[in-house]
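Welcome, and please open your viewer. We will take a short walk, from the whole chain down to a single residue.

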Amino acid sequence: MNGSRVVLSPVAGQVLSLDDVPDPVFSAQMVGSGVALRPAPSAGSVEVRSPIAGTIVKLHPHAFVVLTEDKAGVLVHIGIDTVKMKGEGFALVASEGDRVRPGDPVVTYDPAAIAEAGYSDVVPVVLMDSKPGSITTDAVGTAVEQGDSLFELP
C-alpha cells in the first residue's frame, strides 16, 4: 500500500469550501475538515474513485469511508441528503473490507437521478473526526480532474 498522505479528487469538478455545502453538518465541519466538489456536468453514469490508499470500512450507495494504514478515515459523500434515495441511481463497484489504491472505482452514480430527486450533487471529501479548519488547501475555487490532489492529511 502506498503510504501517501495526499487525498485525491474522487470526481472531476469545481473545488468548494465546506462553508459552501448546503448542509449544516458538513458546513459546520461536524464530521471533520476537508473540501467539497461540485461535479463537472456529465451525461450518463459517473465513476467515483477512492481518494487515497486504504481499506473501505463503510460503504453505502451514497457514501464511503476509506481508512488509511495509519488510521485516518476519509469520507466521500455523494450528494446531500442522497441517503433518502435509498440507493436509487447508485451502484456499488467495490465492497466493504476491500483494500483500495488511489483511483480505484468504488461507486457509480447517475447525476440525473440526484437532480430528479431534487438533491444537491455536491460531494464533500472529509478527514473524519478532524478539527474544523484543520485541512487547508489551495485547491478551493479551482477546477480539478478526477485524481488531482485536493489536500494533504495533517
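Start with the whole chain: among contacts (heavy atoms within 4.5 Å) with a separation of 6 or more, 73% link residues 24 or more positions apart. What you see is a predicted model, where local features need pLDDT of at least 70 and side-chain atom pairs count only at pLDDT 80 or more, while totals for chains, interfaces and linings use all residues. Residues are numbered from 1 along each chain as its sequence is written, and side-chain values use heavy atoms, leaving out hydrogens and water.

Now colour by secondary structure. There are two helices and 13 strands, taken as DSSP runs numbered from the N terminus (helices: H or I, at least four residues; strands: E, at least two).

Next, select the open sheet of eight strands, in the order β9-β5-β6-β7-β11-β3-β2-β12 with antiparallel pairing; strands pair if DSSP finds at least two bridges between them. β9 (99–100) and β12 are at the edges with a single partner strand each, so one side of each has no neighbour in the sheet.

Zoom in on β3 (residues 32–39), which runs antiparallel to β11 and is joined to it by six bridges. Pick G32 there: its bridge partner in β11 is M128.

Finally, select S130, in the loop between β11 (123–128) and β12 (143–144). Is S130 buried or exposed? S130 counts as buried because its relative accessibility is 12%; buried means under 20% relative accessible area, exposed over 50%, partly exposed in between (1.4 Å probe, protein chains only). Show its neighbours: not counting residues up to four places away in sequence, S130 touches V31, G32 and S33. The S130 side chain also reaches the backbone oxygen of L127 at 2.7 Å.

Note on methods:
Polar contact = N/O pair within 3.5 Å; in protein donor to acceptor, adjacent residues only side chain to side chain.
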